[in-house]
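Here are my notes for your first read-through. Keep the sequence and the model open side by side, and check each point as you go.

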Amino acid sequence: MYKDHIVKTRATDNVAFMGTIAVVIFVVALFSGVGEGSLARLMGPIVLDLQAPLLRNIAVAATLSTTLVLNLFILGRFPLRAQIITVWCELLVLFLLFFDTFNLSYSFIASKVGYMITQGVFTTVYVSTLSIAIAFVLALLGATARLSTNGFAIAIASFYTSFFRGVPLLIQIYLIYLGIPQLGYVVGAVPAGVLALSLCYGAYMTEIFRAGISSIPRGQWEASRAIGLTPWQTMSRVILPQSMRLIIPPTGNQFISMLKDSSLVSVIGVWELMFLARTQGRAEFRHLEMLITAAVLYWLLSIVLETVQARLEKRFDRAHR
């Protein structure tokens, strides 16, 4: 959205609004029984002498609502960037406190995280990068076929997108890994996983590319052909550079989704992040530690990809202007 230059009162300066927020938080916390949970243990000095459950619930709910409303009031006076950074930090602290209630073995996590990174993260990034590169080519070919006037090309491309978008990815992985050997070709786990991810996401990205290319006025294609450019030159030099501004955001989202869906190839024995999280935690019954570690590593990888995507979007937006 565009920045609104109309001066208006901040919601955090509205006493009625803040009071309503405080009452809602207090009522929800009170009826949720917060005085009996882990939050009450964190507020031990406040509720230590309160034996009655109702009084303990009221004390914890009142403290929680007051703290949150005061936090909102203070954040309302911060500039936008400071608000974003502060809220991110607060949410991160809440997540860490939430995970800390699981009685995790941090020494076990520390002993395994190095191997999770060197083996699991490397394999995950390798499989995802190779798959997205192949999917990019398939999507470009599929979109070109869908927009052509050749009936055979349209039929093949539409059948491809319909099948691979309509069948669950997990089934596709099994069909490729178990089905191709029936034809006499033995396929390894990694090639089968890459092929399944490429075909599946290539089908989704075909529609993204088709929509991006279709957004360019037809007159530009006709003008390019009129000055003697070949169809390939027209597509590569005129149409695609303009359509990339619309293609990059959803393609970046597809890459992030593929990064997480690459965990499905663990079912055929690929030693990626999810496979290691299950096997490393199984030996000592530390499943939760390894799953949380894998979740954090997936999240960090997604943040890196989001940053790269944002930079690419800015670059193509600047070129468009």
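1. Start with the order of elements. From the N terminus on, the protein runs α-α-α-α-α-α-α-α-α-α-α-α-α. That makes 13 helices and zero strands. Keep in mind that this is a predicted model.

2. Next, overall dimensions. Along the principal axes, the C-alpha atoms fill a box of roughly 85 × 60 × 30 Å. The radius of gyration is 27 Å, while a compact globule of 321 residues would have one near 20 Å.

3. Now the domains. The domain assignment gives two entries: domain 1 covers 9-99 and domain 2 covers 105-316. How far apart do the C-alpha centres of domain 1 and domain 2 lie? The distance is 41 Å.

4. Look at the contacts. Take those between residues at least 6 apart in sequence. Of these, 73% join residues at least 24 apart.

5. Then the surface and the interior. The accessible surface of the protein comes to about 19,800 Å². Carbon and sulfur atoms account for 69% of that surface. Buried residues make up 34% of the 321 residues.

6. Charges come next. The protein has 24 positive side chains and 15 negative ones. The centres of the two sets lie 10 Å apart.

7. Zoom in on Ser 198. Its place is in helix α9, which spans residues 189-214. Is Ser 198 buried or exposed? Its relative accessibility is 1%, so Ser 198 counts as buried, the cut-off being under 20%. Which residues does Ser 198 touch, leaving out those up to four places away in sequence? They are Leu 130, Ser 131, Ile 134, Ala 135, Leu 138 and Tyr 160.

8. Finish with Ile 248. This residue lies in helix α11, residues 231-261. Ile 248 has a relative accessible area of 11%, so it is buried too; again, buried means under 20%. Not counting residues up to four places away in sequence, Ile 248 touches Gln 309, Leu 312, Glu 313 and Phe 316. Pick out the pair Ile 248 and Glu 313. In sequence they are 65 residues apart. In space they are 6.6 Å apart, C-alpha to C-alpha. Find both residues in the sequence, then in the model, and compare the two separations for yourself.

Definitions and conventions
Residues numbered from 1 in each chain as written. Predicted model: local features only at pLDDT ≥ 70, side-chain atom pairs only at ≥ 80, totals over all residues. Heavy atoms only, no water. Helix = DSSP H or I, 4+ residues; strand = E, 2+ residues; numbered from the N terminus. Rg over C-alpha atoms; globule rule 2.2 N^0.38 Å. Buried < 20%, exposed > 50% of the residue type's maximum accessible area, 1.4 Å probe, protein only. Contact = heavy atoms within 4.5 Å. Areas by Shrake-Rupley, 256 points an atom, 1.4 Å probe, with all protein chains shown as cover. Lys, Arg positive; Asp, Glu negative; His and termini not counted. Charge placed at Lys NZ, Arg CZ, Asp CG, Glu CD. Domains from an automatic or database assignment.
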